[in-house]
Amino acid sequence: MFTIYVYVLDTLADWELGHVAAELNSGRFFRAGAPRVSLKTVGPSGEPVRTMGGLTIVPDCRVSDVAVSETSVLLLPGANTWNDPRHGAVLEKAGELLRAGGAVCAICGATAALAGLGLLDGRAHTSNGAGFLEMVSPAYQGQRFYRDEPSVADGNLITAGSAGALLWAKQIIGRLGVFEAGTLEAWYDYFRTGEAGHFFTLMGTLPPEHGN
């Protein structure tokens, strides 16, 4: 079973988590026999946080509860508050997970937080455009590994810029192997283009019991 830990913090960018959290939590397009997935929100404390969209989230657990395991996945969304020292604990946990083979998936401002700790210095990664990480994370030394793409997967590290949430979700889902390959491609094509043909292709990839 995979445990998906979604880090929640004040000013969290709601849209960046929409696709990946909904699909992993609902399992609506999972393949037959897919591994089970448990999704938990994690906060810097047990206190509620307020997202950029004005939603209130009460964390399910704290950073100390995150299991360091190959079956753990840590999602780090963008926010305007990543420079708050309270987030140091989850960044340390991210480093532990990367070393242990767990997945760390960061988008937008969270990539800058990882860059500040040197966690992007030796892996292919992306962010909000060339020059962004140097601007906001003076300690960053990973320029030669930067890729100017919406989302980049390098082993158990998956990073994205603020406009790369859909591809980021695809790469995370693909790493977990919970969709059939054809389902994942059709899912991505439909949400990327909005073309109805891809929707019908998507539905055609699902096992017969899906509609029961």
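**A pocket and a chain of helix contacts**

The largest pocket holds about 300 Å³ of space. On a 1 Å grid over the protein atoms alone, a pocket is an open set of points where a 1.4 Å probe fits, with protein on both sides within 12 Å along at least five of seven lines, and lining residues have an atom within 4 Å of a point. Grid points are joined across faces, edges and corners, and the volume is the space filled by probe spheres set on the points.

Before going further, please note that this is a predicted model, in which local features need pLDDT of at least 70 and side-chain atom pairs count only at pLDDT 80 or more, while totals for chains, interfaces and linings use all residues. Residues are numbered from 1 along each chain as its sequence is written, and side-chain values use heavy atoms, with hydrogens and water left out.

Back to the pocket: 20 residues line it, and Trp-82, Asn-83, Gly-109, Ala-112 and Ala-113 are the closest to its centre. Helices H2 (88-100), H3 (109-116) and H4 (132-136) are the elements that each give two or more residues to the lining; helices here are DSSP runs (H or I, at least four residues), numbered from the N terminus. H3 supplies the largest share, 4 residues. By class, the lining has 10 nonpolar, 8 polar and 2 charged residues, where Ala, Val, Leu, Ile, Met, Phe, Trp, Tyr, Cys and Pro count as nonpolar, Asp, Glu, Lys and Arg as charged, and the others, Gly among them, as polar.

Now for the packing. The axes of H1 (residues 14-26) and H5 (residues 165-176) come within 8 Å and cross at roughly 30°; axes are lines fitted to C-alpha atoms over the stretch in contact, and angles run from 0 to 180 degrees between N-to-C directions. H1 is therefore roughly parallel to H5, a label for angles under 35 degrees, with roughly antiparallel meaning over 145. Their contact (heavy atoms within 4.5 Å) involves residues including Trp-15 and Leu-24 of H1 and Trp-168 and Ile-172 of H5. It has 11 nonpolar, 1 polar and 2 charged residues.

H5 also packs with H6 (residues 181-193): their axes come within 10 Å and cross at roughly 170°, so these two helices are roughly antiparallel. Among the residues that meet are Leu-166 and Lys-170 in H5 and Glu-185 and Phe-191 in H6. This contact divides into 8 nonpolar, 1 polar and 3 charged residues.

Finally, the axes of H6 and H7 (residues 196-204) come within 8 Å and cross at roughly 155°, which makes H6 roughly antiparallel to H7.

Note on methods
Parallel < 35°, antiparallel > 145°, perpendicular 65-115°, else oblique.
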